[in-house]
Amino acid sequence: MIQKRVSKGDAEAINHLAGQYFKGYLGLTKDIPRAIELWIEAAELGSVEAHYNLGFIYSVEEDKPRGIRHWQEAAMKGHVFSRHMLGNSEFNEGNCKLAVQHWMISAKLGCEHSLDNIKKMFIDGEATKAHYAEALRGYGDAVEETTSHQREKAKRLCV
């Protein structure tokens, strides 16, 4: 079924297949170069998740500028964790102000890791109380928007 969607140029199916090659799942031999080829194809076809995956791979493979470009592409299209990773990257480069800006955006979109980082920055004096309060409010609003009776029921049923 996946191969059928891949053959039709479905970006998300190609991204999924790349992940299977990366991990060696579904009876496929672990093949990282093939996974990267497929992620590049999926990203070119518009898969935001493929951009995130490429950002991760390139940052680990010591081609950080290339990885950052993929995270930027994904973040501009709304990928929350790519925005968080951009914050991490800026923080590691010593750019605390830019890190806080990235984390503020992703915290307001519901990324708890970004909220935690802003809290740490506030404690360390690198972010203001206003930053932390704004991030906390935004995070709370994002979580509230994704809360529903049906989701809570599904959680209780372990679905």
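Modeller: In this predicted model, the C-alpha centres of domain 1 and domain 2 are 25 Å apart. Domain 1 covers 1-77 and domain 2 covers 80-158.

Colleague: How do you know that domain 1 and domain 2 are in contact?

Modeller: Contact requires heavy atoms within 4.5 Å. Seven residues of domain 1 and six residues of domain 2 are in contact with each other.

Colleague: What area do domain 1 and domain 2 bury between them?

Modeller: About 620 Å² is buried, with 73% of it on carbon and sulfur atoms. On the side of domain 1, Tyr52, Trp71 and Ala75 supply 73% of the area buried against domain 2, more than any other three residues. Helix 5 (residues 64-76) gives the most to that side, with six residues.

Colleague: What makes residues on the side of domain 1 that touches domain 2 count as nonpolar or polar?

Modeller: The class follows from residue type: Ala, Trp and Tyr, for example, count as nonpolar. By this scheme, that side has six nonpolar, one polar and no charged residues.

Colleague: How many salt bridges are there between domain 1 and domain 2?

Modeller: A salt bridge needs a side-chain nitrogen of Lys or Arg within 4 Å of a carboxyl oxygen of Asp or Glu. The count between domain 1 and domain 2 is zero.

Key:
Residues are numbered from 1 along each chain as its sequence is written. This is a predicted model: local features need pLDDT of at least 70, side-chain atom pairs count only at pLDDT 80 or more; totals for chains, interfaces and linings use all residues. Side-chain values use heavy atoms; hydrogens and water are left out. Domain bounds come from an automatic or database domain assignment. Buried area is the accessible area (1.4 Å probe) that two parts lose on being put together, summed over both. Helices (H or I, at least four residues) and strands (E, at least two) are DSSP runs, numbered from the N terminus.
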